[in-house]
Amino acid sequence: MEKDKLSNEPISSTTQSQRLFTAIAIPDEHKQKLRQWAEQDLDHLSFRKWSDFRDYHVTLQFLGDVATSDIPQLEQALYQAAAEHAPFTLGIGGAGFFGREQFPRVLWRGVTGQRESLDQLYQSIVRATEPLGFKPEERPYRPHITVARSYTGQQPVPTSVWQPNDRIAELWEVEKFVLYATRMGQKPMYQIIQTFPLLR
């Protein structure tokens, strides 16, 4: 049986693709501080799914299911996109939500720092992948770090959750972005299969 060169695991006719997305990986120190915030400030809230702290990231572009044979070409395009950019700094912002504020569908932390540089990197990745058949989302790019999904509590989320929180105020330097593969049912669920240094 053929082996997947990325995971070193045998692949069959039903597993010759991987669900991929590009993202900014968050430093371990910041992941731990986010974990502490979630466990200490949100422990009274009920969500259907909490993100594993090891999976915290800032998504750039979701790519979907990609044939294993197409990944080398995709990686080449992403290397070229990365080479157009210099390192920049980001930080973790306040809490926000998708859906209804009192019963959010997604609870997240925002992104601060050199947001314009982040947006430009996102646009370069979209331009690089579009000739390969990857379509950008129609909705505007809203960088964030997903903390929890699907609020199941009977009482509304207290407004104190959305108050400014500077516990994770330090900026970090973004020197690369990564290509993640989703491993459903595993913890952590996201595995880095390639990194792309910012070289300009």
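# Rings, sheet and helices

Visitor: How many aromatic pairs does the count come to?
Guide: This is a predicted model, in which local features need pLDDT of at least 70, side-chain atom pairs count only at pLDDT 80 or more, and totals for chains, interfaces and linings use all residues. Residues are numbered from 1 along each chain as its sequence is written, and side-chain values use heavy atoms, leaving out hydrogens and water. Rings of Phe, Tyr and Trp (its six-membered ring) pair if their centres lie within 6.5 Å. By this rule, the number of aromatic pairs is eleven.

Visitor: What kind of pair do the rings of Phe97 and Trp162 make?
Guide: Planes under 30 degrees apart count as stacked, over 60 as edge-to-face and the rest as tilted. Here the centres are 5.1 Å apart and the planes stand at 55 degrees, so the pair is tilted.

Visitor: How many residues apart are Phe97 and Trp162?
Guide: Helices (H or I, at least four residues) and strands (E, at least two) are DSSP runs, numbered from the N terminus. Phe97 sits in strand E4 (residues 88-99), while Trp162 is in the loop between strand E6 (145-151) and strand E7 (172-174). The pair thus links distant parts of the chain, with a separation of 65 residues.

Visitor: Is Trp162 buried or exposed?
Guide: Buried means under 20% relative accessible area, exposed over 50%, and partly exposed in between (1.4 Å probe, protein chains only). Phe97, at 25%, is partly exposed. Trp162 has 15%, so Trp162 is buried.

Visitor: What is the bridge partner of Ser17 in E3?
Guide: Strand E1 (residues 17-25) runs antiparallel to E3, and nine bridges join them. Among the residues of E3, the partner of Ser17 is Ala67.

Visitor: At what angle do helices H2 and H3 pack?
Guide: Axes are lines fitted to C-alpha atoms, for helices over the stretch in contact, and angles run from 0 to 180 degrees between N-to-C directions. H2 covers residues 71-82 and H3 covers residues 115-129, with their axes 9 Å apart. The two helices pack at about 145 degrees.

Visitor: Which residues in H3 do Leu74, Ala77, Leu78 and Ala81 in H2 meet?
Guide: Contact means heavy atoms within 4.5 Å. On the H2 side are Leu74, Ala77, Leu78 and Ala81; on the H3 side are Ser124, Ile125, Ala128 and Thr129.

Visitor: Which residues is His30 in contact with, leaving aside its neighbours within four places in sequence?
Guide: His30 lies in helix H1 (residues 28-41). At 5% relative accessibility, His30 counts as buried. Its contacts, with those sequence neighbours set aside, are Ile92, Ile168, Glu170, Leu171 and Trp172.

Definitions and conventions. Pairing = 2+ DSSP bridges.
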